[in-house]
Amino acid sequence: MAGPDPINRYASAFVHAVRDLGYVEGRNLVLERRSAEGRYERYDAILAELVASRIDVIVGTGNAFAEAALRTKSTPPFVVAPIFSPVEAGIVASLARPGGNITGFTRDASPEIEGKRLQTLKEAVPTATRMAYLGTKSEWESNPYSASLRAAAQVLGLVLVHVELAPFRYAEAFAHITRERPLAIFTSSNGAHFVNRQLLADFALRERIASAHTWREIVEAGGLLSYGADYADILRKAAGYVDKILNGAKPADLPIEQPTKFELVINLKTAGLLGLTIAPMMLAQADEVIE
């Protein structure tokens, strides 16, 4: 996250977009950077520190961050990018008029995106009829995204087996997958998967199982493919909201926007290791092919 050109893709996208808007660190901008290092329980302490230091606007990612922002019961504006189903999660009143002091950008456009990702995995592994869904109980049972996913599975003639993920207890989930012996793994968009991306990719390769993800970083670590919102594009847009807030706009009046740019990333090296041949048309549709 550090420096004028951060290594982290999303931090870099934000920093460069802020700079393009005329904000230069050390001249007219102080940019405080903090990381919870994947441990969401740290958010409360981090936000308490930032609020006490009288920060003008706080930018963060994910629902756990947004929930911690609500718990601060403080007045600084928050821009959350990305966030998942914020109305259903009780974080904002509506997408058009969030109310309160939180606004931002969702990472979900519509529930149909899960069906699209499942279809993409099926195209990559046409022989697969049985797949594991790796996610929490609530992700599997009680939201329109899982409903869309199950409907897509029925159309595609797939059997989805839910492998429950308790918080960060991947060893138990992996043991369940090994017992089930699916031909592919479909992971939820849970942020824990991003934090444990190398663990996930290594397991799938070791077991010779194809996998589909929301996060492109899991594919860079060795997963087969990802399809989802372009998070770098979301962070660039978040910089625009920061600029508006610094110029007097209120988060309550800034609508929470949905993503408009999605990307398909395929790891061709992983496909080779799994003995898969990706169709030329699918490769042509990919935004990035890792060779």
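Biologist: Contact means heavy atoms within 4.5 Å. With that settled, what covers the buried residues of α7?

Modeller: This is a predicted model. In it, the cover over the buried residues of α7 includes strands β4 (130-135), β5 (159-164) and β6, together with helices α8 and α9.

Biologist: Which residues of α7 are buried?

Modeller: Y170, A173, F174 and I177. Their directions span an arc of only 100 degrees around the axis, so they sit on the same side of α7.

Biologist: And which residues are exposed on the other side of α7?

Modeller: A171 and R179 are exposed there.

Biologist: What follows α7?

Modeller: R181 does, with a positive phi near 55 degrees. At 47% relative accessibility, R181 is partly exposed.

Biologist: With which residue does R181 form a salt bridge?

Modeller: With E207; the closest N and O atoms are 3.1 Å apart. The two come from distant parts of the chain, 26 residues apart: R181 is in the loop between α7 (170-180) and β6 (184-187), and E207 is in the loop between α9 (197-206) and β7 (210-213).

Biologist: How many salt bridges does the count come to?

Modeller: The count is 18 salt bridges.

Biologist: What meets R9 in a salt bridge?

Modeller: The side chain of E220 does, at 2.7 Å from N to O. E220 belongs to helix α10 (residues 216-220) and R9 to helix α1 (residues 9-20), so this pair ties together parts that are 211 residues apart in sequence.

Biologist: Which residues are linked with R9 in a network of salt bridges?

Modeller: The network links R9, R216, E217, E220, E263 and E288.

Biologist: Different spot. Which side chain meets R117 in a salt bridge?

Modeller: That of E114, at 2.9 Å from N to O. Both residues are in helix α4 (residues 112-124), three residues apart, so about one helical turn separates them.

Biologist: At 0% relative accessibility, how does R117 count?

Modeller: R117 counts as buried.

Biologist: Now the surface. Which residues form a nonpolar patch there?

Modeller: Y40, F168 and V195 form one, with about 240 Å² of accessible area together.

Biologist: Where is F168 found?

Modeller: In the loop between β5 and α7. F168 has a relative accessible area of 39%, which makes the residue partly exposed.

Biologist: And the place of V195?

Modeller: V195 is in helix α8 (residues 191-195). V195 is partly exposed as well, at 35% relative accessibility.

Biologist: What separates the C-alpha atoms of F168 and V195?

Modeller: A distance of 9.4 Å, with the two residues 27 apart along the chain. F168 does touch V195, and also G38, A192 and N196, if residues up to four places away in sequence are not counted.

Biologist: On to the strands. In which sense do β2 and β3 pair?

Modeller: Parallel, over four bridges, with β2 covering residues 78-83. V79 stands opposite T103 in β3.

Biologist: Which peptide bond is cis?

Modeller: The bond from A81 to P82 is cis, with omega near 0 degrees. P82 lies in strand β2. For background, most peptide bonds are trans, and most residues other than glycine have a negative phi.

Biologist: Where does S85 lie?

Modeller: In the loop between β2 and β3. S85 is not a glycine, yet has a positive phi of about 40 degrees. S85 is buried, with a relative accessible area of 11%.

Biologist: What about the phi of R208?

Modeller: Positive, about 55 degrees, and R208 is not a glycine either. R208 is found in the loop between α9 and β7.

Biologist: Is R208 buried or exposed?

Modeller: R208 is exposed, with a relative accessible area of 54%.

Terms used. Residues are numbered from 1 along each chain as its sequence is written. This is a predicted model: local features need pLDDT of at least 70, side-chain atom pairs count only at pLDDT 80 or more; totals for chains, interfaces and linings use all residues. Side-chain values use heavy atoms; hydrogens and water are left out. Two strands pair if DSSP finds at least two bridges between them. A salt bridge is a side-chain nitrogen of Lys or Arg within 4 Å of a carboxyl oxygen of Asp or Glu. Buried means under 20% relative accessible area, exposed over 50%, partly exposed in between (1.4 Å probe, protein chains only). Patches are made of residues with over 30% relative accessible area and no salt bridge: like charges are joined within 9 Å, nonpolar side chains (Val, Leu, Ile, Met, Phe, Trp, Tyr) within 5 Å. Accessible areas come from the Shrake-Rupley method with a 1.4 Å probe; for residues, only the protein chains shown count as cover. The arc is that of the directions from the helix axis to the C-beta atoms.
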